[in-house]
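The sequence and the structure come first, and the text follows.

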Amino acid sequence: MQSPPDSLFDARILRLGQNAGIELGPRSRVMGILNVTPDSFSDGGLHAQTDEAVAAALAMAGAGADIIDIGGESTRPGAEPVSALEEQRRIMPVIEALGHETGILISVDTWRAETARLALAAGAHLINDVWGLQREPEIARIAGEAGAAVAIMHTGRDRVRLPDLVDDQFHWFNASLEIARKAGIGADQILLDPGFGFAKDAADNLELMARFSELHALALPLLAGTSRKRFIGGLTGREASDRDVGTAATSVVLRLAGAAMFRVHNVAFNIDALAVADAMVQSSREKEPGHG
């Protein structure tokens, strides 16, 4: 694994919607996963009611989550698709309720332009699109007009991939970034997510971790989303709901490779693990000639 450029750990602001922002670089940032679905792979049904979902979001924020990612459609392999109206029925009451909680930053996990529009109008700050702005490119215009941030994810689903895993990342992201540029989304409003588990087998995911630093050639902050993924289960022998220790291990590896934000189910486990990684990064920087 290559070492990431030291400048990745310098402070920079990710500009969010609602005139908000979050500092990236010196400290790991954590995005708590809140699936308001009956069928997500590890927590389906746990937060299907609005009051349960709001309570879970508040608990994650209390545990130290920097942003809460709210989704109304499962993206696990083989999941049944839902309509836009059903997705909105699930998530909008939660976003509206959390919008009144001062200090809670909200991400909405959707690829649908209309869902994104409604969520941003209700107070969301970031659009997390698992199709990288490419399934409904109108979503980029909506985010751009709202001044919102976007998390652009790589996927290998429903398309032919390039033979080299990292080359395919660049190929996908370059297309997505062109959509973002045309929509007026600035570089300081973008996170890139390499899409662990999305049409990637266990070997692919391990290679992506090992080559993660190569993605810094895109010069944008990286979001890591390994939480409870199948490849962690293959490595540990654990069922989905019991993969938080394995997830925390991947978070540390990816932080040391330069990831800026981590999308996780168990906020507390990962914050503790990332505190160790952040201390290692800081100690290494302080020993460099001319630091400070």
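A residue is called buried under 20% relative accessible area, exposed over 50%, and partly exposed in between, with a 1.4 Å probe and protein chains only. The model is predicted: local features need pLDDT of at least 70 and side-chain atom pairs count only at pLDDT 80 or more, while totals for chains, interfaces and linings use all residues. Residues are numbered from 1 along each chain as its sequence is written, and side-chain values use heavy atoms, with hydrogens and water left out.

Helices (H or I, at least four residues) and strands (E, at least two) are DSSP runs, numbered from the N terminus.

**Helix α6**

Helix α6 covers residues 202-210, and its buried residues are D204, N205, L208 and M209. Seen down the axis of α6, these residues fall within an arc of 135°, so they line one face of the helix; the arc is that of the directions from the helix axis to the C-beta atoms. Among the elements that cover them are α5 (165-182), α7 (230-236) and α8 (244-256). At the start of α6, a side-chain oxygen of D201 lies within 3.2 Å of the backbone nitrogen of A203.

**Helix pairs**

Two packed helices are described by the angle between their axes and the distance between the axes. Axes are lines fitted to C-alpha atoms, for helices over the stretch in contact, and angles run from 0 to 180 degrees between N-to-C directions. Angles under 35 degrees count as roughly parallel, over 145 as roughly antiparallel, 65 to 115 as roughly perpendicular and the rest as oblique.

The axes of α8 and α9 (residues 267-286) come within 9 Å and cross at roughly 25°. That makes α8 roughly parallel to α9. Contact means heavy atoms within 4.5 Å. On the α8 side the contact includes V245, A248 and V252, and on the α9 side it includes F269, A273 and L274.

The axes of α1 (residues 50-62) and α2 (residues 84-98) come within 9 Å and cross at roughly 45°, which makes α1 oblique to α2. Here T50, A53, V54, A57 and L58 of α1 meet P93, V94, A97 and L98 of α2.

Key. A polar contact is a pair of N or O atoms within 3.5 Å; within protein, one must be able to donate a hydrogen and the other to accept it, and residues adjacent in sequence count only if both atoms are side-chain atoms.
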